[in-house]
Amino acid sequence: MRMRLPTAVFFAVGCCFAIVIFYLMLEFTWISNRTREANRRSSLSPEEELAAETLGRRLSRLEEAIAENRQLLAGLQANLSELLIHQEPLLHDRLLAEERKWEPISGAGLSVGKEELTGSDVIATTTTGSDVIATATTGSDVIATTMTVGAGSSQNKSRWLAGKESFVEEDSLRQCPAGGGSPANTDIQMLNVYDTLSFDNPDGGVWKQGWELTYQASQWTTENPLQIFVVPHSHNDPGWIRTFEEYFEESTKHIFNLMIEKLPVNPGRKFIWAEISYLSMWWLTANDESKSVFKKLVKDGQLELVTGGWVMPDESSSHYSSMINQLIEGHEWIKNHIGPDAVPRHGWAIDPFGMSSTMAYILKLNNFDGMLIQRAHYSIKKHLSKLKALEFEWRQTWDRAGRTDILCHLMPFYSYDIPHTCGPDPKICCQFDFRRMPTRSGKSIFCPWGVSPKAITADNLKERAETLLDQYRKKAQLTQTNVVLAPLGDDFRYDSTMEWDRQYLNYEKLIHYFSSRPDLNVRIQFGTLKDYFDAVKKDTATRALTLPTLSGDFFTYADRDDHYWSGYFTSRPFYKSLDRRLAAHLRSAEIAYSVALARFKRKPTGLSFQDIDRLLMKLISSRRSLALFQHHDGVAGTAKTAVMTDYAIKMITAITSCDDVLGASLAFLLSPEEDKSNSALVMRLESEERFVTHDQPPVKSRLQVEQNGRRVVVYNSLAQSREERVTLRIDSANVVVVEEKSEEIVMSQINPVWKGKTDVPSNNEFELVFLASVPALGIKCYTIKSAPPSASPTRGLSVPASVEIFSDSVRSDISLTELFSLTYAANPASILLKSEQLDLTFDGKTGYLKSVYSKASSHTGVSIKFIHYGTTEKPDKSGAYLFMPDGEAKDVLTEQIEGSSSSFAPLIRVLRGPIVSELHLITSQFIHTVRIIHSTGPEGQAPEIVNEVDITSTNNYELAMHLTTAIQNEDFATDLNGFQLIRRKTFAKLPIQANYYPMPAVALLEDDDFRLTLLGQQPLGVASLIKGHLEVMLDRRLDQDDNRGVGQNVHDNIPMTRSTFRLLIESNRLPSSSESLHSDSSHPVLSLLSHLSLQSLLNPLVLMSDSTSPDPTVSLKPDYPGLPLDLPCDVHLLNLRASVGKESDEGVASPFSVNVKCQPLKGKLNLKESLNPVFALPFVEEGSPSPLSGSGKLLPVDTAVTLDAMHVHAFRFPLI
């Protein structure tokens, strides 16, 4: 195998060579000048003598310059030597990797081979070099991916930036392409389309959701023929009715085995494949010959890898970081096993239930040329078909420059199966799905329209060909170009020899017939997406066509009538929350491992990091478990119960693996520089929270406070320092908390731990709360000690919370009454919780929040209640996919109160203390907690809301949290995949279920005076059905299937499923004037405060305890300082991924000051200043996150890179 040194090595060699040439030229000039001076000196006049002296001084300065160049050359030579030392073993390992056989190891339901750990370009053996791609740092080749928060506005005014003491003029904000200014100027804006459509559903004839299509055969000529690409494909769900592994054994492995047998039969045969998770599994068992055939098919263009992600991800609930990481995981696998030239350039998304523009941006970011989508509202498909706009340039709503445009094809008909892809009449198209031909065994798939396919013979060839051509020609009426895409496949197709032969042999006869009839002016062939998009671009250029631009997304999806797929936004919320938990654990583990690896590569004598290979394999297995769940039946919650259980077991195993990586990495970072006792091996760090089973929420470990104290390690994975609440379970109420580095006592609070939904506290378990201050990417150690007899709350002893219980029953025999000043009382009229930032008022009888007074915004009109929906009496009812309510929602507590034979009041617990104050509302269906943090940082600005839901005793019941405000909003906003905000409208012409949208992380209401932002730690469904109102669905329990394929009810609810939110209320008025920041026509962006709060919510502080007994011989550092300076507040370090990674961020300026140490980005970021001394940067390469995107732009390490708002930037550098 011929190897090439990386671009950076050639660059360094070239620089050295150029400097040597320059140095030799200077030396030659110096010698020549000296010789000439000696010959002339004897005959000089006084004037010439003076000139000679001047020249001598200049020559002296030149000599100094030569000396400096000598030093520069020596430095470059040293750097080059160091770089070659780094690269040589990596190149050696890469060569060896090509010759090694796979040796599978088991892990979390998948296999990882040793070859995968030895390549140097992406995943390398960490003992010889660790190529890491990170969002700003990682392994040995690091990709730093960044995204900047938007902060602009179209109005001529200033915006106050959080943490700043001055205003930023609007001129500088206008340069930001994302922030709050006018939306993208496009031909089609989806929100406007929703405004104009009537959403009626008249019977369109054979095309039920369309109209009768006609054409003139003369519209095609010899010069402009109709081009048809028949694209065979097989859609393989990595879990749905069966598990990932079961599907592979039953169907998918046969598809691959037959693919390498049947495609080489005819070089004109084509096929496309999307799911790399299945390909990687097949690759483990395939022999060398099979692998070679597969590679040749890809190289020859017969087989195209489309999208190339680990899965075809859901686009409603997935977070964009997970969407990118699953894409990188797939691309990394392709690069390591198929080769770097097998670059996916076309997206294929035929089954996600609604389409997000975030995915379009991600594909554009990774240099894709085009994409195809399928599931959009049937009225939207009809509308775009009438405009001949099914081929369009998809642009981000915040992009006013058109830099994000990507060519997109929307499939026009009901489904992606063969009956709905050749043309408008499914009865005709089904006759050309030759797998459905009757068989003697009677196991055929029949056409539901009553006419089965027939084999193509000489007798029926002409009639069959002309019948099919009629459908192709009608389909061609829906686009501007003379190019028709005709997908030929369905779920798990081509898994039998029979189907390969029937489909290809019959279509080959049809293709041959068309090629023999030039008078028909049609060219038909098997094709790939590349063939199709190339033809579209060529036809567009040749005929000078202009494809329309489109902005917006394709939610909420309906496939027919009022059947809106908005139920799955919330279905299986326990597993959706588990997804976010794994994502946070994995990100923290990736970053900690990368930082530890960087230190290891510069290790002092005696320092060891012995588990590198084992830890890296755990990371790879965890990445793939998370990537697998991004599948559109995974995080969507639309698979069978057994499959959801399988996903959950994989994810919990991955969380445990991530905790192992975190424990080892943090212990290593805390070990001294000269560590003779191998402290990192002695100390064992364990997570303070663990899963006991897959179907229960995690439980907190109870720490035993020993005589010498118990060490707690707090790790901050964000690139900004923060002071936030830490919560632990301990076995003693009399403790002090000491910060180890300063040896200062930290104020702390003791809360009771309750026995279930009761008013009885535990007498041997307590909750310890304190505020931890941790630097960016840093670690702080705290020791929890038993309090000495002299301790008191004024001398460091943890302060017990005061507790009030409001209920019908009054107790006085509780042993802990005195410790917590526990009192019982009848329900008051109202209950008040206060902090320096917030005042919260609750209804004393129901426990519902009635008002929020924020001292920063002076807003009060916010209240919370709980509501529920039933399901319709119509035949098609709510299920895993569909939300089909029975009318308006009902108040949960009002029903309970009215239905109670006695005076009913829920149990209310109120805790007040110096760190946290909170109210617990306990009912039969949920525990609702509202908490305020006594902190001056972002955490103290927003009440935290936690709901623990148990609706297992209900039937056809959908529970939602409802917020009522005084905000007079005309529309509202939600996020798309945590990446960007998008405006939503509530349409009276549409039913309730149509007005529900996905809320992956954010929902927002605002008017000219105030903005309310609800931040969520988990994806759910959200609506704003009435002005000033917002409701978030929390859980769904449904008694029936909704006839969309999963074939079961939704009865696998997990008791006490948790959902966590933060509620922010901000002024929309400038501090110095009455001007409003709000504009209905501007693109919405998060405030800087919301952005910081969201990142904190999604990426909480990591807490680990040292499970080993204190050993005086083991010396550990009290902290790890992390980054020397915080990254700007509006730049989010998304990941540092050993071998592949990314980073980003989003948001807008906050209208009031917050106590944060970071400052907003001023347009540029110096990577060397930001990341040293954690990482040494010999060079930096700017490119895209995908390892298949080719070499990027080489930058000097001191370059201040420009980070545009709302754009993801990736930077790769090696660890040496």
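This is a predicted model: local features need pLDDT of at least 70, side-chain atom pairs count only at pLDDT 80 or more; totals for chains, interfaces and linings use all residues.
Why is the disulfide of Cys422 and Cys429 left-handed? The torsion about its S-S bond is about -90°, and that is why it gets the label. Residues are numbered from 1 along each chain as its sequence is written, and side-chain values use heavy atoms, with hydrogens and water left out.

Here is the overall picture. The protein chain holds 21 helices and 60 strands, where helices (H or I, at least four residues) and strands (E, at least two) are DSSP runs, numbered from the N terminus. Of its 1216 residues, 64% count as buried; buried means under 20% relative accessible area, exposed means over 50%, and partly exposed is in between, using a 1.4 Å probe and protein chains only. The chain exposes about 43300 Å², and carbon and sulfur atoms supply 51% of that. These areas come from the Shrake-Rupley method with a 1.4 Å probe, and for residues only the protein chains shown count as cover. As for contacts (heavy atoms within 4.5 Å), take those with a separation of 6 or more: residues 24 or more positions apart account for 76% of them.

Back to the cysteines. A disulfide is a pair of cysteine sulfur atoms within 2.5 Å, and by this rule the count comes to two. In one of them, Cys422 is joined to Cys429 with an S to S distance of 1.9 Å. Cys422 has 5% relative accessibility, so it counts as buried, and Cys429 is buried as well, with a relative accessible area of 0%. The other disulfide joins Cys430 to Cys447, S to S 2.0 Å. Its torsion about the S-S bond is about -100°, so this disulfide is left-handed. Cys430 and Cys447 lie in the loop between helix H11 (426–429) and helix H12 (461–475), so the pair ties together parts that are 17 residues apart in sequence. Both Cys430 and Cys447 are buried. Two further cysteines are worth a glance: Cys408 is buried with a relative accessible area of 1%, and Cys781 is buried with a relative accessible area of 1%.

Which strands does E30 pair with? Two strands pair if DSSP finds at least two bridges between them. Strand E24 (residues 710–715) is joined to E30 by six bridges, running antiparallel, and Arg710 has Ile784 in E30 as its bridge partner. Strand E26 (residues 735–739) pairs with E30 in the antiparallel sense over five bridges; here Val735 stands opposite Ser786. Strand E53 (residues 1119–1120) is joined to E30 by two bridges, again antiparallel, with Asp1119 as the bridge partner of Lys780. Strands of a sheet pair through backbone hydrogen bonds, either parallel or antiparallel.

Elsewhere, six strands form an open sheet with antiparallel pairing, in the order E38-E37-E43-E50-E49-E46. At its edges are strand E38 (890–891) and strand E46 (997–999), each of which pairs on one side only. Within this sheet, eight bridges join strand E37 (residues 862–869) to strand E43 (residues 957–965) in antiparallel fashion.

Buried residues in H5 include Phe244, Tyr247, Phe248, Ile255, Met259 and Lys262. Arg269 sits in the loop between H5 (244–262) and strand E9 (271–273). Arg269 counts as buried because its relative accessibility is 4%. A polar atom of the Arg269 side chain lies 3.0 Å from the backbone oxygen of Lys262. Leaving aside neighbours within four places in sequence, Arg269 is in contact with residues including Lys262, Leu263, Gln302, Tyr504 and Phe526. Its C-alpha atom is also separated by 9.7 Å from that of Thr528, although Arg269 and Thr528 are 259 residues apart along the chain.

Key
A polar contact is a pair of N or O atoms within 3.5 Å; within protein, one must be able to donate a hydrogen and the other to accept it, and residues adjacent in sequence count only if both atoms are side-chain atoms.
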